[in-house]
Amino acid sequence: MFVNEAPPFKELSLNNYLFNDESLQLYEDYVSKTLGYIQKFLGTRKFYKGDNLEEIHENKLKARLVDVHSSKSIDKALQELNDLYINHAIRFHNPNYVAHLNCPITLPSIIAELIATTVNTAVETWDQSTSATFIEQEVIRWICNEFRFDTNSDGVFTSGGTQSNFMALLMARDHYAFENYGINIKQNGWSEEVNKFKIFCSEKSHFSIQKNAALLGLGYDAVIPVKVDEKMRMDTEALYVAIEKTKQEGNIPIAVVATLGTTDYGSFDPLQTIGKIAKEQNMWLHVDGAYGGCYILTETHEHHFKGMEMVDSVTVDFHKTLFQPVSCSAFLVKNKQHFQYVSYYADYLNPLENKDKERPNLIEKSIQTTRRFDALKVWLTLKTLGTKTIASYLEEVHHLAKQVYTNLKENSNFELAHVPELSTVVFRYKNSEAAHEPTHDDVNLYIKNKLYTSGKASVASTKLNGNIYLKFTLLNPKNTIENLLNIVKMIEEAGKQYQPKTELL
Ligand SMILES: *Cc1c(COP(=O)(O)O)cnc(C)c1O
């Protein structure tokens, strides 16, 4: 039978889980039901419900997918999800969450996510993304300008700093091989010389440098860690020596990674000196600015970016320091020609014959195929908040870190690991009664776990010279020094409570 009239909306909506043009009302219903749960989540003044093992075991069972052969109402599923997940989720925007590089996010960025997800644009080819292409390009242009990259530069959104660093090392490897040995790795694969390629970065650089070197077939050992000075910045003298030593051993130094904002200490490697060494040696210079990159917007940290003109590529994570939801990161390259090392022309997507300047295909710059429209949230954030507000947020969290540092310095219960250059403070609780080092490790771990499990505060830990330290990562500009000192008080109380051996974690 030929149906020329759509069935009534009500009938459709009874079991209409796929979004189509008749689902508008249902979309609104779902959103308003969900909003109730979200408002409750956001309105709760604790960073975490707190955890106990019994509940964790229960939740593991609750997460199981049983009885999924037939459709059920959204209400019940949302209720279950609330009990299992939302109720137990970590509130990164809570001022007592000072653990990792998770930022509170801007409202416009959340709205942009809703739009991007609902419209469901995939930014790979023009025919799928139309003007979304220009929005991504425009955000890339904006950030390239901030880094003083000229119009010959370009970039692409990635899943995060890890992927951005991967692209940097891939380009460094392939470009060096091509320029110096005429080897086309993309086309022909491996060759002898590549086995000797070495990459230099500070010992405090992110682990993704090692991991990516391994993924690129170079191996962990291709990465030479260079020691840092007392400010946790790469020692350039040591870099020079390490490069010379590598050459004497018959190996080939191809790239240096300068970290602008190390993950633990927020320290900035001296870019200008590193740049000079890299250029003298004809090496690729990559800036890992996953954490510190957005500080280019500030007045307080602008000077750390001197030497950008020597840089070949940059990693910048908007989901760390531009107050954007995960995931949101970009990879930038000074010479856009270098994207040739990743581009591929697929018959079904972007055939070479169809290359069109007016309608670009962003896939040519990405190692992903189907890709989220992550640029939209940055675009809408810039359009609404503007860069001045964002810069003031970044300066504020840096200021908070300095205040915490000053306070801890005067407190004999604490020992500091560094002077904060960005928005982290690494320190440890020193129990004056404890006789030797290992006890300090136990106490500090105890403190971190105690605060976390009670749902009072989340502080991170890291290791320095083999010892456990605590870390504040401050990314919430609405935090206050009073609140942070209150967390310090909690740390002292937990530290006092600690009893060696008798109390188990
Ligand atoms: C976080 C971080 C990364 C990794 O970024 P992801 O977005 O988590 O993949 C790389 N480098 C530095 C310096 C970082 O702090």
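Leaving out residues up to four places off in sequence, Asp 312 is in contact with Lys 279, Met 283, Trp 284, Leu 285, Leu 332, Val 333 and Lys 334. The model is a predicted one, and in it Asp 312 sits in the loop that runs between strand S6 (284–289) and strand S7 (313–317). Asp 312 counts as buried because its relative accessibility, 15%, falls under the 20% cut-off. Two of the residues in that contact list also turn up in polar pairings. With Lys 279, the link is side chain to side chain, a polar contact of 2.7 Å. With Leu 285, the backbone takes part: its nitrogen lies 2.8 Å from a polar atom of the Asp 312 side chain.

Next comes Lys 320, which is found in helix H13 (residues 318–321). An unreviewed UniProt entry annotates Lys 320 as "modified residue: N6-(pyridoxal phosphate)lysine". Is this lysine, Lys 320, buried or exposed? Lys 320 has a relative accessible area of 15%, so the 20% limit puts it in the buried class. Setting aside residues up to four places away in sequence, Lys 320 touches Leu 101, Cys 103, Ala 290, Tyr 291 and Leu 475.

Over in helix H2, which covers residues 24–43, there are 20 residues. From first C-alpha to last, H2 reaches 28 Å, close to the 28 Å expected at 1.5 Å a residue. As for burial along H2, the buried residues are Leu 26, Tyr 37 and Phe 41. A bit of helix geometry is handy here: an α-helix has 3.6 residues a turn, so residues three or four places apart point the same way.

Note on methods:
Residues numbered from 1 in each chain as written. Predicted model: local features only at pLDDT ≥ 70, side-chain atom pairs only at ≥ 80, totals over all residues. Heavy atoms only, no water. Helix = DSSP H or I, 4+ residues; strand = E, 2+ residues; numbered from the N terminus. Expected span 1.5 Å × (residues − 1). Buried < 20%, exposed > 50% of the residue type's maximum accessible area, 1.4 Å probe, protein only. UniProt positions renumbered as here; feature names shortened; annotations may be inferred. Contact = heavy atoms within 4.5 Å. Polar contact = N/O pair within 3.5 Å; in protein donor to acceptor, adjacent residues only side chain to side chain.
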